[in-house]
Amino acid sequence: MAKDTLLGKTLEELIQIVTELNLPKFTAKQIADWLYKKDITSIEEMSNLSLKARTALLENYDLGITASTKVQVSVDGTKKYLYPTAHAHKFIETAYIPDQKRNTLCVSSQVGCKMGCLFCMTGKQGFQGQLSSGEIINQIRSLPERENLSNIVYMGMGEPLDNVPELMKSLEILTSDYGMAMSPRRITVSTIGIIPGMIEFLNHSECHLAVSLHTPFEDERKRLMPVQNVYPIKDVLKIIRDFDFGLQRRISFEYIMFKGINDTPRHVKELCRILDGIKCRINLIRFHPIPDTPLDGSDEATMEDFKEQLTKKGITTTIRRSRGLDIFAACGLLSTKELVKRQEEDF
């Protein structure tokens, strides 16, 4: 039987572990320091722990830090890492996106995804399992560029708010003094609008929220995003409108632009109507076609005009710059290839 891992454990969980191992309570804080603040690769390197403590940990736990198995490097400096997971022959992706002012890591929260959005490569894998908080944190902890990291976005594989317990543990570790001590203002969690998870996240975290919108019309959203049948966007927006985000916390809406589908003047008008009273930003995203999809991306002129019209209506709008196009056309492509390869090898 595989041992449990220490990485991804909160301080409260580490206290429980040392108590069960009959170790002093202060050992938990020492372990947290080694896990989240120092660069070690083994339990033996926890030099300020007693021999008894290290022996007990070695007998019962693995460290949980796992290196990536593959990396692709773009001409623009973007790097895409492939990580194995606890699920046999299943993989996740993490994208490191360097820029002049910020260096962002896009992390995954699930293996595959059950949401089935029409435009998403990860969704075509289907749902294969939840990532543990340790597997989420490992994407940051094992990153070669970790010291240069300024921002984290939960916009990789999976729906973060469909994995709330592990998501919230990972956010606690990232932002707590005992953990990585990052500002929650440097972290953004994306969702397609899973209302129960969104409520939990808003009430127990101070990180930013990004909602995948993609069209203001409910009938169109049902075709693009089946979640609309369960959690209508009007209900999502009511929760956002009623929540006090304060002065520092930010809400944004992700809007992938599809040619002839969601890029018309009537979409601008309806966006302004449904977002009225919400202080927010809209991020317009270029769509780069994935295999077996009927969708095409809007052209540059249409996107620029769409942005201008929204800006004139008082909504802060940006067009997100595409990065790493030569190494991945869409999130999930690299892990899908690896999954197929392993399945063929097993066969």
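Apart from its neighbours within four places in sequence, I240 is in contact with M198, V211, F245, I251, F253 and I278. This picture comes from a predicted model. I240 also belongs to the largest nonpolar core, which holds 95 residues, and it is listed with L6, M46, L57, Y154, F253 and L275 as touching the most other members. In soluble globular proteins, nonpolar side chains tend to be buried together.

Strand β10, which spans residues 187–191, is mostly covered, with five of its five residues buried. In a regular strand the side chains alternate between the two faces of the sheet. In β10, I187, V189 and T191 point one way while T188 and S190 point the other way, and all of them are buried.

| Strand paired with β10 | Bridges | Direction | Residues standing opposite |
|---|---|---|---|
| β9 (residues 151–154) | three | parallel | I152 and I187 |
| β11 (residues 208–212) | four | parallel | H208 and T188 |

Helices complete the links between these strands: β9, helix α6 (residues 164–175) and β10 make a right-handed β-α-β unit, and β10, helix α7 (residues 195–204) and β11 make a right-handed β-α-β unit as well.

The side chain of N283 is joined to that of T318 by a polar contact of 2.8 Å. Leaving aside neighbours within four places in sequence, N283 is in contact with S252, F253, E254, Y255, T318 and R320.

Terms used. Residues are numbered from 1 along each chain as its sequence is written. This is a predicted model: local features need pLDDT of at least 70, side-chain atom pairs count only at pLDDT 80 or more; totals for chains, interfaces and linings use all residues. Side-chain values use heavy atoms; hydrogens and water are left out. A polar contact is a pair of N or O atoms within 3.5 Å; within protein, one must be able to donate a hydrogen and the other to accept it, and residues adjacent in sequence count only if both atoms are side-chain atoms. Contact means heavy atoms within 4.5 Å. A nonpolar core is a set of buried Ala, Val, Leu, Ile, Met, Phe, Trp, Tyr and Cys residues joined through side-chain atoms within 4.5 Å. Buried means under 20% relative accessible area, exposed over 50%, partly exposed in between (1.4 Å probe, protein chains only). Helices (H or I, at least four residues) and strands (E, at least two) are DSSP runs, numbered from the N terminus. Two strands pair if DSSP finds at least two bridges between them. A crossover is right-handed if, with the strands pointing away from the viewer, the path from the first strand over the helix to the second runs clockwise.
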